[in-house]
Amino acid sequence: MSLPEEVYHILQKIVGKDYVSQDPVTCEAYYPTGHGKDTGLERLLYEKAACVILPKTTQEVQEIIKVANRFNIPYTPGSTFWFITCQTKAPNSLIIDLKRMNELFIEEKNMYGVVGPGVVYSQLQEEAMKRGLYITVPGGGGQVSVVANLITAGWSPLNYRVGMPSRRILGTEWVLPDGEVLELGSLAMGSNPFWGEGPGPDLRFILKGYSGWFGGLGIVTKMAVKLFPFQPERLKPVGVSPNTMLEFPTQRMRWFNYYMPDSKALVEAMYEIGQAYIGAAITKVPLMWRFVAKANSRGEFWELWNKQLGNIQEFYPAIVRVLLIGYTSEEQLEYEARVLDDIMKEYGGELHRTRQGDESWIKNADSATMWAVTGGYASCAGMIDTVDSAVKGGEYYAKIKRKFTPPLVDDLGEPGWFQMGEFGHMGYLEFLNYWDPDEIEARERVEQWYFDEVPKADARMGIYNLFQCQMIPVLSTVKFGPNHHLWMEKIKNLFDPKHLSNPPAPFEFDEFVKRAKHLKGDWD
Amino acid sequence: MKEMKLEDFKYDMERCIGCGGCRWVDHIYMSGVKYGQRCPSIERYLFNDHLASGRLKIANALIEKRLDYSPYLLEVIYQCHLCGACDVGCKRNLDLEVLSALEGLRVRAVEDGQGPMPEHKVCAENILEKKNRYGGSEKSRFNWMDNKSYPKPEKKNWSELLYFVGCASSFVKKSLAKSTADLLNKMGIGFSVLNEEGSQEWCCGHPLIVTGQIKDVKDIVEHNLKLIRDRGAKTVLTNCAECYKTLKVDYPKIMGFSTEDLGFKVIHLVELIDDLIGKNEIKFNKKVKMKATYHDPCNLGRLSEPWFYWEGERKKYGVLEPPKIFRRGTHGVYDPPRRILTSIPGIEFIEMIRYKENAFCCGFGGGVKEAFNEFAVWTASKRIEEVEEIGVEAIITACPYCEQQFEEAVKRKTLNLKILDIAELIHLAL
């Protein structure tokens, strides 16, 4: 596979010959990786790219896209390639690797950062923290592209205090699928991107859809991102890999781990904390994560886990982890600690020891660790609703998952990972699944869980599943909310009539189900 | 040599999730955009084929015969310092053998008659014929010992400490060999060297090992091991990070046993001095007024953990049976050089931005210096930029090859920056 010679020469002229390659070796290196790997999409949809290009500027991106349109070349953008949808799925595709677009600028006074798509969270966080500011690092990890993540999800336990991540998108530069540049927010009025809305109707949710276009609607080349005031002490990095962390200034930041008597007490305590308007993060801890944290290797994890299995009496241990930060003063932390203690006494929470540092969620988020257990992992659901719904949804998924266990790992009915957002006004659920990707005979069963069973559960329970929202049946059978798939389809046809921007995104799950003979697709 | 077979790492290639652990500095230590990457190869060449995760996909395609050799593929394979930064980054979260797979890829290229690069063959010829990487006369290896204060080759005086001098100190950087020997003499530590005619120290074989020429290196390994064992040495001392890692890690790996079964202990000079500091048996009397930083040589830092021989099977969920000890770069020789530097009066020690297991390579290793000198110097220049950023007068290291690299980079940049081996600095302070 290769691009027509004429196209290749034009691309060379745009970026320089060092920054474009159609060598099969280069293209092979972009084999699909990231979240969603081993769920079948790479097996049935992947087509090796014909060419990879590395633009540096917005103008280069524009010119590349215009060439793609002129010659009908499908293109797939990515910078960290940390999602299965960043794989090329159409023959003779062009990968637009955005890693060179790594400009980072912080406007300290007005508390925002301007990033290119090649900048990852830990980089932005470090620069922000140097200036007494911060952003929330998402579940995707400290290594994900800030831009790519904010136009899809961005969920982090620290959003408890600062709200929906998409709301912090400010002035944005967006190269549309036809190569034209659209500037959002105040960027459209000049060079200052401090404001996100307008001009005219706020277009940010066309940019984002419900949970992203996954490269299906052009390329964001620059984004201003709102930052928040942090506590003033610097966090000191300590330790040698793999045991590294940012040491907390404990007069300003402290983790509290509570073992609750049951899940009801856990949820009620979580709500109470929100009502008391304290805390920086409140998250329920999935049982398996505790064992991952204790183990030094996969072998040791299984040894510990198997040993523990015999001792577990409850359906699942209800552990909640609370982060308190004295943003304004040390006294704030002390006050919040006392309030937390009062709440936990009321609900029977038992305080357990925990390390006082950031191993995850401040600057780092160890998403890769999710693969440490079996080598195969994917969340099948992400839901933004209330904590009650998160619990209800999680318990329902857990119940029906039993039919698929094995091949899915028996996690003792774990109802998923849930956390609070917006001081308790919002809840987030992510439902975790582990399996052995090398069990070839189990592969189809795992895929049936993801693509047949979970969507049906979503429809039954009214779960608006962030991770499956592109699947048409889910959207059309759920009775609430707009039919996003129709809306997205219209937008896609309008902006990208040739469907060249990462086809078939955002409908690749539908395409996959159509091609997979072992899947019924019987959601209706 | 089982550990160097590419097929043995198919699992590791397939189970790479592309998290970028091989690319980014540990996020806890992330300093921002400028020094955020740990891999020189991806920073220089940009395409993912120059990133460990990309190389793993390429290696897998090669095994599955979906990809053929080409001049570009060989460049991709060999434009890597094998500095191990990727391996440490990956193993922060996962149990994948990234570096071993990259080494296996080179072994495979050589087996297939494609590798190494022509420049590596020149070096290999030197080693095989003259027993040193530079092609110098074998007889001249111990010319640095012209001073009578060095130990004489009389068996009765030989102690249990054997100084393995290495090619760089023997042929190019003779002052380092002299400094080391002087230090030992000053401290009254008896030592011997492998300088008997007919059974002399040979090159440790590192240049052959890193370029995948494993079959050729076996005789060298056996020769040096036999001499060391015959000598009855309990401890082998090196002042070269490459020799250190090769003797401690690669010899047991190639011969199929664990480091603890070598029959002798391998130490670097910094460990010896640090031990003496700890026992109050050395005191630095002279002030060396200098604002200095320390560069962690890859082979003394993240790559220097002992080798643990493992043979077994992969079971359900990829669990290894029997359990395997993973080398994650945690127990590299990081603290001894720092304790030495902070013990010397007058030294104001400042850490680099990327240090210890996150240190950026000097650019010499993996055969890059021989085959891709511009890339090697580019990498060294990047490291020197980092040194400039922290505003020090000197960079101290513990490997003659790192020193050579920095000297070249500093010369090209016409900077006024001192580059010293730690042995030379210790000498100044005593």
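Predicted model: local features only at pLDDT ≥ 70, side-chain atom pairs only at ≥ 80, totals over all residues.
Visitor: Noted. And what kind of peptide bond joins A:Ser241 and A:Pro242?

Guide: That one is a cis peptide bond, with omega at about 5°.

Visitor: What about A:Pro503 and A:Pro504, what joins those?

Guide: A cis peptide bond again, and here omega is about 0°. A:Pro504 has its place in the loop between α16 (484–495) and α17 (508–515) of chain A.

Visitor: While we're on backbone details, what is phi of A:Tyr277 near?

Guide: Phi of A:Tyr277 is near 60°, which is a positive value in a residue other than glycine. You will find A:Tyr277 in the loop between α9 (263–275) and β15 (281–284) of chain A.

Visitor: Over to chain B for a moment. What is phi of B:Tyr317 near?

Guide: B:Tyr317 has phi near 60°, a positive value in a residue that is not glycine. Its place is in the loop between β8 (313–314) and β9 (320–321) of chain B.

Visitor: And B:Tyr317, buried or exposed?

Guide: B:Tyr317 counts as buried, because it has 20 C-beta neighbours inside 10 Å, and the cut-off for buried is 20 or more.

Visitor: Nice. Let me zoom out to chain A: how many helices and strands are there?

Guide: Chain A comes to 17 helices and 21 strands. Along the principal axes, its C-alpha atoms fill a box of roughly 70 × 55 × 45 Å.

Visitor: How does the radius of gyration of chain A sit against that of a compact globule?

Guide: It agrees: a compact globule with 524 residues would be near 24 Å, and chain A has 23 Å. Buried residues are 57% of the 524 in chain A.

Visitor: What share of the chain A contacts join residues at least 24 apart?

Guide: The share is 71%, taken among contacts between residues at least 6 apart in sequence.

Visitor: Which residues does A:Val146 touch?

Guide: Leaving out residues up to four places away in sequence, A:Val146 touches A:Val115, A:Val119, A:Val120, A:Tyr121, A:Leu124 and A:Val225.

Visitor: How far apart are A:Val146 and A:Gly116?

Guide: In space they are 8.3 Å apart, C-alpha to C-alpha, while in sequence they are 30 residues apart.

Visitor: How much of chain B is buried?

Guide: Buried residues make up 58% of the 430 in chain B. As for contacts with a separation of 6 or more, residues 24 or more positions apart account for 79% in chain B.

Visitor: At what angle do α3 and α6 of chain B pack?

Guide: Helix α3 (residues 52–63) and helix α6 (residues 98–111) of chain B pack at an angle of about 50°, with their axes 10 Å apart. That makes α3(B) oblique to α6(B), and the crossing is left-handed.

Visitor: Which residues make the contact?

Guide: From α3(B) there are B:Ala52, B:Arg55, B:Leu56 and B:Ala59, and from α6(B) there are B:Val98, B:Ala101, B:Leu102 and B:Leu105. By class, they divide into seven nonpolar, no polar and one charged.

Visitor: Last topic: how many residues of chain A are in contact with chain B?

Guide: 53 residues of chain A are in contact with 50 residues of chain B. On the side of chain A that touches chain B, α2 (24–28), α5 (121–130), β13 (245–247) and α11 (298–309) each supply at least two residues. That side has 21 nonpolar, 20 polar and 12 charged residues.

Conventions
Residues numbered from 1 in each chain as written. Chains lettered and ligands numbered in written order. Helix = DSSP H or I, 4+ residues; strand = E, 2+ residues; numbered from the N terminus. Rg over C-alpha atoms; globule rule 2.2 N^0.38 Å. Buried ≥ 20, exposed ≤ 12 C-beta atoms within 10 Å, placed from the backbone. Contact = placed C-beta atoms within 7 Å. Axes fitted to C-alpha atoms, helices over the stretch in contact; angles between N-to-C directions. Parallel < 35°, antiparallel > 145°, perpendicular 65-115°, else oblique. Left-handed = near helix turned anticlockwise from the far one by under 90°. Nonpolar A, V, L, I, M, F, W, Y, C, P; charged D, E, K, R; others polar.
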